[in-house]
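Visitor: I would like to learn how to read contacts between aromatic rings in a model such as this one. Could you take me through them?

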Amino acid sequence: MATKRDYYDVLGVSKSASDDEIKKAFRAMAKKYHPDANPGDKTAEGKFKEVQEAYAVLSDKDKKSAYDQFGHAAFDPNSAAGQASGFGGFDFGSMDFTDIFADLFGGSFGGGFSSFGNGYRSQYQRRNEPIKGASIKTQIKISFDEAINGCEKDITIRFKEICKECNGTGAKKGTSPMTCPKCQGKGQVVVQQRTPFGIMQSVQTCPDCNGTGKIVRDKCIVCSGSGYNQTTKTIKVNIPAGIDNGQSVRIHNMGEPGQNGGLRGDLIVGVTVIQHPILKRQGTNIFSTVSINYPIAVLGGAVRVKTAYGDVELTIKPGTQSDSKMRLRGKGVPLLRNPREKGDHYVTIVVDVPTSLNDIQRKALEAYKETIK
């Protein structure tokens, strides 16, 4: 099986490219390799699909972040990275490039429609096809410890259930939607426009049925013709160990309903991690500071240190200096792609110099002072 090319190389952009630069590169590559511009050229067709796939990822903030972290494995449903990213099994063929291609080719490239290569059809030409529903976004807050160890949270969302009265048709009980007379059930209409270059054709969503191909004359009295009823739904969300502030968890098929038999969209749960008063995270490592008294710094001893996995006893060597750093291996943040691997916890030692002494302490220090003159 051929190895996939890096998506940034496919579009010829750097990893620091802006959204506009990525879109500009895609437009240029798509126009160059579009099958309507290269009829019968299988190489161009393959490059065109490759360009589409790269843009489908790099033009989406969440997918781009997952790709930057896990590479192509982020979209492999059989890999740990694919499961952690929430994009495992993502269908690149479902991407809609209608607006971009319409802009590139003036609505209809060559004044008509085309098919090529194993039934593949131009992405800007949709004919009442199943459309996946929109994603729903929500936000939750979790503690630092929950982010490190993972947790399960109950969240309540607004959810569209299929109307039981009309079974999702939107039509009054005992009636059925009728085929849209304007588009003949196709969901789209061809619009002709006279230009200096001749008559150009473009495909637009049917204004009468909004692309469904059906019109409801007698609307359901329960859902008012929408086919759905708004309700609240409480679901459990598994937050993976190692998730960071600003990352999200994707739950498939819990978003808005699709059109024309399309799948539901996804629920995207953004995560805000509450800061810990002592522990600070940087990547997969954790940092903290612990104070020790002067005798322990000089003579050595033990001190209790708080970690994300509970308190541990840290052995202080004799002669430890202030600002020394000690590492607790494997006490850091789990890797999302492999929770068994963890970063480290670094502890900065601060020697606490007393600001006041009692008589016994003062005499003891003065006696010590005399010994080092």
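Visitor: Are Y7 and Y67 buried or exposed?

Guide: In this predicted model, both Y7 and Y67 are buried.

Visitor: How is a pair of aromatic rings described?

Guide: The general idea is that one gives the distance of the centres and the angle of the planes. The structure holds four aromatic pairs. In one of them, the ring centres of Y7 and Y67 lie 4.7 Å apart with the planes at 35 degrees, so this pair is tilted. The two residues come from distant parts of the chain, since Y7 belongs to helix 1 (residues 7-11) and Y67 to helix 4 (residues 61-70), 60 residues apart. Ring pairs also join Y7 and Y67 with Y8 in a cluster.

Visitor: What kind of aromatic pair do F287 and Y346 form?

Guide: F287 and Y346 are stacked, with 5.4 Å from centre to centre and 20 degrees between the planes. Because F287 sits in strand 13 (residues 285-293) and Y346 in strand 19 (residues 345-352), the pair ties together parts that are 59 residues apart in sequence. F287 is partly exposed, at a relative accessible area of 28%, and Y346 also counts as partly exposed, with 23% relative accessibility.

Visitor: Which residue lies over the face of F159?

Guide: That residue is K233, placed at 5.1 Å from the ring centre of F159.

Visitor: Which side chain does a polar contact join to that of R250?

Guide: The side chain of D266 is joined to that of R250 by a polar contact of 3.0 Å. R250 itself lies in strand 10 (residues 248-251), and its relative accessible area of 14% is under the 20% cut-off, which means that R250 counts as buried.

Methods: Residues numbered from 1 in each chain as written. Predicted model: local features only at pLDDT ≥ 70, side-chain atom pairs only at ≥ 80, totals over all residues. Heavy atoms only, no water. Helix = DSSP H or I, 4+ residues; strand = E, 2+ residues; numbered from the N terminus. Buried < 20%, exposed > 50% of the residue type's maximum accessible area, 1.4 Å probe, protein only. Polar contact = N/O pair within 3.5 Å; in protein donor to acceptor, adjacent residues only side chain to side chain. Phe/Tyr/Trp six-rings, centres within 6.5 Å; stacked < 30°, edge-to-face > 60°. Lys NZ or Arg CZ within 6 Å of the ring centre and 35° of its normal.
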